[in-house]
Amino acid sequence: MPDPMAIASGISAVGALASALQLRRRAIRAEAEIELLQAELAAERHAASHDPLTGLPNRRAFFRLAATLLTDSAGQPLVAVVLDLDDFKQVNDRYGHAAGDQVLVSVAQRLATFAGDNLVARLGGDEFAGLLAPPTPDRRWIETATRRLCDALAPPIPLGARSIQVTASVGLAPVHCPTQLTDALCRADAAMYEAKTLGSARPPRQLLAEC
């Protein structure tokens with residue numbers, strides 16, 4: 001005849017095991033929900049600080065990250081870069097907005113490759129900006145970097161069965177501390193627009209802002 005105490009002990013053990021398994025399943029579900037929420041939060045943060053088309057930091061993130069870089073650079077001069085594609089509206093008008101988007105994505109990728117670990121961002125439309133850390137921010141380095149940047153953008157961009165070539169106007173200005181960032185970007189922007197007025201007679205289109 002079965003021992004009632006043994007039966008009760010077995011039932012209790014099975015119940016404890018079932019409870020433990022249920023708790024484990026709940027813990028696994030809770031961990032999965034937490035991971036999902038963390039991933040959603042990270043995605044929301046990324047979306048809030050990055051351009052959805054190119055994946056580069058957006059305007060707001062650029063100013064925040066640039067200020068941090070300038071604060072952490074211990075007074076080492078950096079160079080602000082502003083870049084604007086020439087006659088970009090004609091790309092949209094002639095080939096369509098999907099082609100225009102592909103051009104922007106390609107330009108963003110080439111700019112990011114050129115900049116390496118340096119900060120680059122899409123400010124909006126066909127305007128990009130960057131903050132470069134040169135060995136020495138002298139005129140020779142800046143002019144060489146500008147030529148290399150324009151060369152990096154020069155190869156034709158494939159668009160299905162065709163390809164197009166874009167040029168850019170570039171302005172640069174040294175910046176030494178966070179409080180000079182806005183002023184440096186304004187000077188780089190002014191230099192970029194002055195370069196744009198030069199037209200195609202001066203390839204690559206670039207101008208150095210006066211320090």
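Is K196 buried, partly exposed or exposed, and what is its relative accessible area? In this predicted model, K196 is partly exposed, with a relative accessible area of 22%, a value that falls between the 20% under which a residue counts as buried and the 50% over which it counts as exposed. The side chain of K196 meets that of D86 in a salt bridge, with N and O 2.8 Å apart. Because K196 belongs to helix α6 while D86 lies in the loop between β1 (78-85) and α3 (88-95), the pair ties together parts that are 110 residues apart in sequence. D86, at 8% relative accessibility, counts as buried.

Five salt bridges are present in the structure. One of them joins R122 to D51, with the closest N and O atoms 3.1 Å apart, and links strand β2 (residues 119-124) to the loop between α1 (4-49) and α2 (59-72), the two residues being 71 residues apart. R122 counts as buried at 13% relative accessibility, and D51 likewise counts as buried at 12%. A further salt bridge connects D93 and K89 at 2.7 Å, N to O; these residues are four apart in helix α3 and are thus separated by about one helical turn. D93 counts as exposed at 53% relative accessibility, and K89 is exposed with a relative accessible area of 58%.

How values were computed
Residues are numbered from 1 along each chain as its sequence is written. This is a predicted model: local features need pLDDT of at least 70, side-chain atom pairs count only at pLDDT 80 or more; totals for chains, interfaces and linings use all residues. Side-chain values use heavy atoms; hydrogens and water are left out. A salt bridge is a side-chain nitrogen of Lys or Arg within 4 Å of a carboxyl oxygen of Asp or Glu. Buried means under 20% relative accessible area, exposed over 50%, partly exposed in between (1.4 Å probe, protein chains only).
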